[in-house]
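Biologist: I'm new to this one. Could you walk me through how to read a few of its features?

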Amino acid sequence: MDSRHTTCPSLQGRHILLGITGSIAAYKAAVLCRLLKTAGAEVRVVMTPLAKQFITPLTMATLAKNPILVEFFDPENGAWNSHVSLGEWADCYLIAPATANTLAKMATGVADNLLLTTYLSARCPVVVAPAMDLDMFAHPATQANLATLRSRGVRVVEPEAGELASGLTGKGRLAEPEHIVEAVTRLLVPTAKSLEGRHFLVTAGATIEAIDPVRFISNHSSGKMGYAIAGELAARGARVTLVSGRTALACPEGVERVDVLSAEEMYRAATEAFAACDGAVMCAAVADYTPEQVSATKLRKGDGELVIRLRRTHDIAAELGARKEGRLLVGFALETDDEEAHAEQKLARKHFDFIVLNSLRDAGAGFRGDTNKVTFIDRTGREPLPLLTKREVAGRIVDRIEKLLK
Ligand code: C5P
């Protein structure tokens, strides 16, 4: 397998200063540190005093193979821990997890611990990966602090949505260590920008068709496959417009996301974007039918049956296919039976250049998971791929797109 684009480029010899703050997610810093080391980076770790309550300096020192820095000086011998030289040493200062408190202090220039003085004197790129409760993350104060930091060039690895330590569910969970390492790698290791100057539309996620203000019709799509493709296209230098139905995923770095709910909204956003694009990857799970009428008020239950009349939605892919005019169009087919035949019909009917078939009958393929087993089908034949991560599949799809563009 050609791994140029699908695995993280090495961080060989890069100096990463890892800052850990007092969040319950600090335990993930251990995995993060290991991944950085595996990628070849040299890692030094600075912790806030509170972070020591969440993960021990011994654990981190063992993994980093370097002593941990917490205090301004060593109380035993008075040796000074120079924040200036730490900042000079680092190629990247990665603060993960970053609490609301530390982000607020960074935004206002408070310097009451070594992690923060190092931030103020660091000249290298700074990356923060916030982790906190959903309400703390959504609070206007936190959002304003993040906006301030972004405006000063700090990269933010968006937290992910999911179950939080508080027991609540929402956006605030530290991004997966793999995603954080990827963001650092993208920052430090320039990849070949093979798609520079190209513009792609990607549709992803599930659409939502309202029945009334409370209920809707949707499907199990997680959006993971489409987001991985959008991220891969952007990583190779393309401009990417991601028209996204509902997902819990963070927008991949460098991607412009347009959020939509219904198939009708997705149709409008996709057709508008397509005109300016070199191609599109249609990955969204679009509802084929939508309620003919949406009740303005909550439907009340009665004794008898309820009949909801549905009407067809636009087949977005087919409509783009009909007006592609030299643009590249890639489609997906998720099938449960007679897979190849159905995919081939869609390939022809929607004027796809190639279609990515996955079957719900294959273990490891389909919704929600991080793996997929796909077959590429075009007018010349079929290419089955082994079980791969969705990221790897995205790499293969974009490799194919690149070949077709040449
Ligand atoms: O016909 P089917 O829904 O199986 O086709 C799947 C392909 O068509 C996918 O690429 C999907 O994103 C796209 N599609 C679409 N609009 C629809 C239905 C499917 O863009 N209304």
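Predicted model: local features only at pLDDT ≥ 70, side-chain atom pairs only at ≥ 80, totals over all residues.

Biologist: How do I read the packing of two helices?

Modeller: Two packed helices are described by the angle between their axes and the distance between the axes. Here, H1 (residues 28-38) and H2 (residues 57-64) pack at about 10°, and their axes lie 9 Å apart. Angles under 35 degrees count as roughly parallel, so H1 is roughly parallel to H2.

Biologist: Which residues of H1 and H2 meet?

Modeller: From H1 you have Ala-29, Ala-30, Cys-33, Arg-34 and Lys-37; from H2 come Met-60, Leu-63 and Ala-64. By type, this contact of H1 with H2 has 6 nonpolar residues, 2 charged and no polar ones.

Biologist: Now the strands. What does S4 pair with?

Modeller: S4 (residues 92-98) runs parallel to S1 (residues 15-20), joined to it by 4 bridges. Look for Ile-16, which stands opposite Cys-92 in S4. S4 also pairs in the parallel sense with S5 (residues 126-130), again over 4 bridges. There, Ala-98 has Pro-130 in S5 as its bridge partner.

Biologist: How many residues of S4 are buried?

Modeller: 7 of its 7, so to speak a mostly covered strand.

Biologist: And is Thr-290 buried or exposed?

Modeller: Buried means under 20% relative accessible area. Thr-290 has 8%, so Thr-290 is buried. You'll find Thr-290 in strand S15 (residues 289-291). Setting aside residues up to four places away in sequence, Thr-290 touches Glu-209, Arg-309, Leu-310, Arg-311 and Thr-313.

Definitions and conventions: Residues numbered from 1 in each chain as written. Heavy atoms only, no water. Axes fitted to C-alpha atoms, helices over the stretch in contact; angles between N-to-C directions. Helix = DSSP H or I, 4+ residues; strand = E, 2+ residues; numbered from the N terminus. Parallel < 35°, antiparallel > 145°, perpendicular 65-115°, else oblique. Contact = heavy atoms within 4.5 Å. Nonpolar A, V, L, I, M, F, W, Y, C, P; charged D, E, K, R; others polar. Buried < 20%, exposed > 50% of the residue type's maximum accessible area, 1.4 Å probe, protein only. Pairing = 2+ DSSP bridges.
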